[in-house]
Amino acid sequence: MSTKVGMISLGCAKNLVDAEIMLGSVLQRGMEITSRADEADVLVINTQRFAKELSNEMPEVDAFVGLDQVSELGAIVEKVVARASSPCLTDKVSVPHDDVDLAFANTRPTYIPNYDTPRFRLTPAHSAYLKIAEGCNHPCSFCVIPQMRGKHRSRTMESVLAEIRGLVSEGVREINLISQDTTYYGMDLWPEKAGPRQPVDSSRGPTLSRLLREIQKIDGEFWVRLLYTHPAHWSDELIETIAECDKVARYIDIPLQHIDESMLQRMRRETSRTHIERLIDKLRDGIAGVALRTTFIVGFPGETDAEFETLLQFIERTRFERLGIFKYSQEQGSRAAKMPNQISTRVKNARYRKAMSIQQKIAHETASEKIGSGLNLLVDQPHIARTEADAPDVDPRVILSRPAPVGEFIQRKITGSRGYDLLA
Ligand code: SF4
């Protein structure tokens with residue numbers, strides 16, 4: 001009987017793609033995948049934590065697998081199972097070193113998937129995430145991702161395009177391009193090395209702009225959506241490209257985290273308030289009908305009432321079409337975790353509620369402004385669809401009064417709104 005492997009994947013879409021690659025390697029080794037933890041012979045937890053921390057907290061775990069080993073999970077599971085069934089070999093499997101505690105805490109991963117990496121997609125058949133780069137070169141003080149995932153490294157354009165062609169030929173209608181820093185795509189591949197704060201310039205090598213223009217040439221009916229774009233690496237060329245490429249959704253996810261100048265500096269966001277405000281104006285002027293999605297953090301260490309008020313005013317004035325608020329969480333190993341003046345949970349909760357109530361009103365108004373318009377929708381379930389302004393899982397939906405074929409584009413008139421959602 002073949003080994004059954006279960007997977008619990010925590011975190012965002014970037015983690016989900018790692019989970020898909022791990023499951024792909026399990027299937028390649030002839031094992032089975034189960035969605036039921038209670039029937040799994042081996043249960044894999046996919047999480048963004050340091051191996052050293054986890055191995056201290058969970059000594060019962062058989063193996064700790066780092067980012068560089070995601071495509072080798074099948075072989076690792078075989079090893080774990082063989083050890084478990086061998087009475088004289090009961091040591092834990094450490095990958096790749098003998099000392100589990102040191103396996104990943106001291107290494108900077110370099111792995112990046114390719115178009116032919118086996119993958120078992122966990123998303124609906126018509127929608128996929130595609131990782132165009134991995135790692136991050138930014139120093140945000142609240143974040144440990146660069147320590148965990150290593151330096152920014154892009155896939156080649158050929159690799160990304162080959163994967164998109166494959167997905168489109170399988171019937172995928174929506175491709176969500178992801179990475180830690182999507183707007184920096186390609187710059188690490190330039191023949192003449194680009195500095196981390198180098199302006200984007202397609203004449204020097206691959207860029208997101210060039211990639212999108214190549215994607216536009218691929219035959220088929222599909223959307224490509226940009227997630228996790230860093231405000232530091234936007235260019236006029238990229239804005240023009242999106243405006244000219246109708247396969248690129250009029251949707252931009254651009255996490256800003258804060259707007260107060262002093263907060264941006266303490267967060268080490270490498271972007272000023274002026275830069276952000278100008279960029280938002282350029283995006284809205286340059287891409288007709290674009291929906292902007294952002295996220296902010298409230299309760300960062302030392303955030304004063306006045307700094308929080310500056311953020312609220314910015315949210316009210318800018319009227320983001322989509323917005324998420326996170327309460328600051330103290331990430332072990334980050335600079336911010338050691339900062340003085342950590343904010344109490346009570347204050348964080350109150351700030352979260354205040355920011356969300358402002359956005360809720362904006363979102364409801366944004367939804368009702370759509371009533372009467374005819375929109376192109378992608379059908380997720382017989383009675384549920386999304387517009388191009390809605391990314392899967394995080395954004396509103398369109399509730400359909402009449403069923404429609406799942407995985408297809410349809411045209412419908414918006415007849416009403418219900419909170420964040422639209423009715424059609
Ligand atoms: S929050 Fe900052 S450091 Fe963390 S992944 Fe995003 S850009 Fe990189």
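Select helix α10 (residues 305–318) and helix α11 (residues 345–369) of this predicted model. Show the side chains where the two helices touch: Phe308, Leu312, Ile315 and Glu316 on the α10 side meet Arg351, Lys354, Ala355, Ile358 and Gln359 on the α11 side. Sorted by class, this contact holds 5 nonpolar, 1 polar and 3 charged residues.

Now turn to the axes of this pair. Two packed helices are described by the angle between their axes and the distance between the axes. For α10 and α11 the axes are 9 Å apart and the angle is about 15°. Angles under 35 degrees count as roughly parallel, and α10 and α11 are therefore roughly parallel to each other. The crossing of α10 and α11 is right-handed.

Next, select helix α6 (residues 208–216) and helix α7 (residues 236–244). What is the hand of the crossing of α6 and α7? The crossing of α6 and α7 is left-handed. The two axes come within 9 Å and cross at roughly 15°, and α6 and α7 are therefore roughly parallel to each other. Display the residues between them: from α6, Leu208, Ser209, Leu212 and Arg213, and from α7, Glu237, Leu238, Thr241 and Ile242. The residues of this contact divide into 4 nonpolar, 2 polar and 2 charged.

Move to the ligand. Around the ligand, select Cys136, His138, Cys140, Cys143, Ile145, Pro146, Gln180, Asp181 and His230. This shell has 5 nonpolar, 3 polar and 1 charged residues. The cysteines in the shell, Cys136, Cys140 and Cys143, are classed as nonpolar here.

The protein chain contains 11 helices and 19 strands. Its radius of gyration is 22 Å, close to the 22 Å that the globule rule gives for 424 residues, so the protein chain is as compact as a globular protein of that length. Switch to the C-alpha trace, which spans about 70 × 55 × 45 Å along its principal axes.

How values were computed: Residues are numbered from 1 along each chain as its sequence is written. This is a predicted model: local features need pLDDT of at least 70, side-chain atom pairs count only at pLDDT 80 or more; totals for chains, interfaces and linings use all residues. Axes are lines fitted to C-alpha atoms, for helices over the stretch in contact, and angles run from 0 to 180 degrees between N-to-C directions. Helices (H or I, at least four residues) and strands (E, at least two) are DSSP runs, numbered from the N terminus. Angles under 35 degrees count as roughly parallel, over 145 as roughly antiparallel, 65 to 115 as roughly perpendicular and the rest as oblique. A crossing is left-handed if the near helix is turned anticlockwise from the far one by less than a right angle, and right-handed if clockwise. Two residues are in contact if their C-beta atoms, placed from the backbone, lie within 7 Å. A residue is near a molecule or strand if its C-beta atom, placed from the backbone, lies within 6 Å of it. The radius of gyration is taken over C-alpha atoms; the globule rule is 2.2 Å times the number of residues to the power 0.38.
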